[in-house]
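Hi there,

Here is the structure I promised to pass on. Have a look at it first, and then read my notes below.

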Amino acid sequence: MLQSQLSYLKLSEWRETRDTLHKYTRMIGALRENFSTPHPHWWHISLLVSDKGLTTTPLRRNKNNTGEIFEIVLDLTYHQLLIKSNFREEKAIKLTGQSLCALCEEACSLITDIGIDIPIDKQKFEDGKAGQYDEEAIGEYWRVLKEINKTFNTFRSTLRGERSPVQLWPHHFDLAMSWFSGRLVPGKDPKDAEASEEQIMFGFSTGDDSISDPYFYITAYPTPPGFPNFELPQGVTWNTSGYNGGLMMYEDYINSKDPEVTLINYFRTFQKAGAALMQ
């Protein structure tokens with residue numbers, strides 16, 4: 001991918017719409033969690049990027065029937081929430097910025113209508129305030145997300161060892177993936193996979209309270225002594241506000257000569273150095 005034609009995605013220009021979308025992903029992530037087998041790294045609550053938007057991936061209707069599956073998709077192309085299954089007709093809800101409470105009620109009602117019991121605590125989604133939903137801004141974000149997801153997966157394919165899927169975390173609304181060194185963290189319970197496995201996480205955030213515009217981050221757990229012990233790539237800094245790790249602003253990414261190469265080089269530089277220290 002040569003010099004990008006992607007939007008600058010300034011958070012100040014679409015924050016309220018971003019926050020609405022963030023709320024929607026939290027609800028969908030909760031639905032996925034309730035129909036999934038728990039994963040030690042919490043991969044059962046995340047959403048994946050699909051050809052239309054963000055998806056729960058196929059879920060079993062119930063534990064006793066593996067043949068009947070359904071899927072919830074946040075369609076960012078046509079701005080609707082889809083409930084798809086292999087045993088009933090597709091259901092759709094138009095996304096307009098309706099309150100989280102209203103969307104949750106309608107989604108749960110449609111899921112119940114196709115014969116699925118909903119084991120979700122609706123009280124967690126009682127936010128009755130309608131939000132902004134700017135379709136043009138969502139469209140810009142979707143174009144950016146597709147491109148970044150593609151680059152993340154390209155980088156992921158070059159790594160050896162255990163790797164997480166490239167996934168969107170609903171709690172922070174960041175796209176991320178992890179690489180695991182294969183070593184255990186001294187002093188941690190080996191049965192606690194989340195706390196005991198050495199790893200490096202690579203992510204993309206649309207911006208938050210600490211960093212007000214989109215950025216790419218890299219964190220290592222635990223941070224190896226002396227890290228970073230190398231010259232940082234151009235445009236990359238070592239961040240200590242909110243988290244300790246690599247930071248590259250999204251604006252520098254899209255303004256680079258070849259954004260895909262720039263991002264992969266950033267990720268690869270940190271991963272190689274971190275892996276060497278971890279080993």
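What follows is a short tour of the cysteines and of the largest pocket.

Please keep in mind that this is a predicted model.

Let's start with the cysteines. How many disulfides does a search of the whole structure find? The search turns up 0. Cys-101, for one, is in no disulfide: the nearest cysteine sulfur belongs to Cys-104 and is 7.1 Å away. Cys-104 has its closest cysteine sulfur in Cys-108, at 4.0 Å, which is too far for a bond, because a disulfide needs the two sulfur atoms within 2.5 Å.

Are these cysteines buried or exposed? Cys-101 has 26% relative accessibility, so it counts as partly exposed. Cys-104 has 1% relative accessibility, so it counts as buried.

Now for the largest pocket, which holds about 580 Å³ of space. Its lining is made up of 27 residues. If you want to find the pocket on screen, look for Trp-169, His-171, Met-201, Tyr-217 and Thr-219, the lining residues that lie nearest its centre.

Which elements give two or more residues to this lining? They are the strands β7 (167–169), β8 (174–184), β9 (197–205) and β10 (215–221), together with the helix α4 (193–196). The largest share comes from β10, with 5 residues. Sorted by class, the lining of the largest pocket has 14 nonpolar, 10 polar and 3 charged residues.

Enjoy exploring, and write back with any questions!

Best wishes

Note on methods. Residues numbered from 1 in each chain as written. Predicted model: local features only at pLDDT ≥ 70, side-chain atom pairs only at ≥ 80, totals over all residues. Heavy atoms only, no water. Buried < 20%, exposed > 50% of the residue type's maximum accessible area, 1.4 Å probe, protein only. 1 Å grid on protein atoms, 1.4 Å probe; cavity = no way out; pocket = protein on both sides within 12 Å on 5 of 7 lines; lining within 4 Å. Points joined across faces, edges and corners; volume = space filled by probe spheres on them. Helix = DSSP H or I, 4+ residues; strand = E, 2+ residues; numbered from the N terminus. Nonpolar A, V, L, I, M, F, W, Y, C, P; charged D, E, K, R; others polar.
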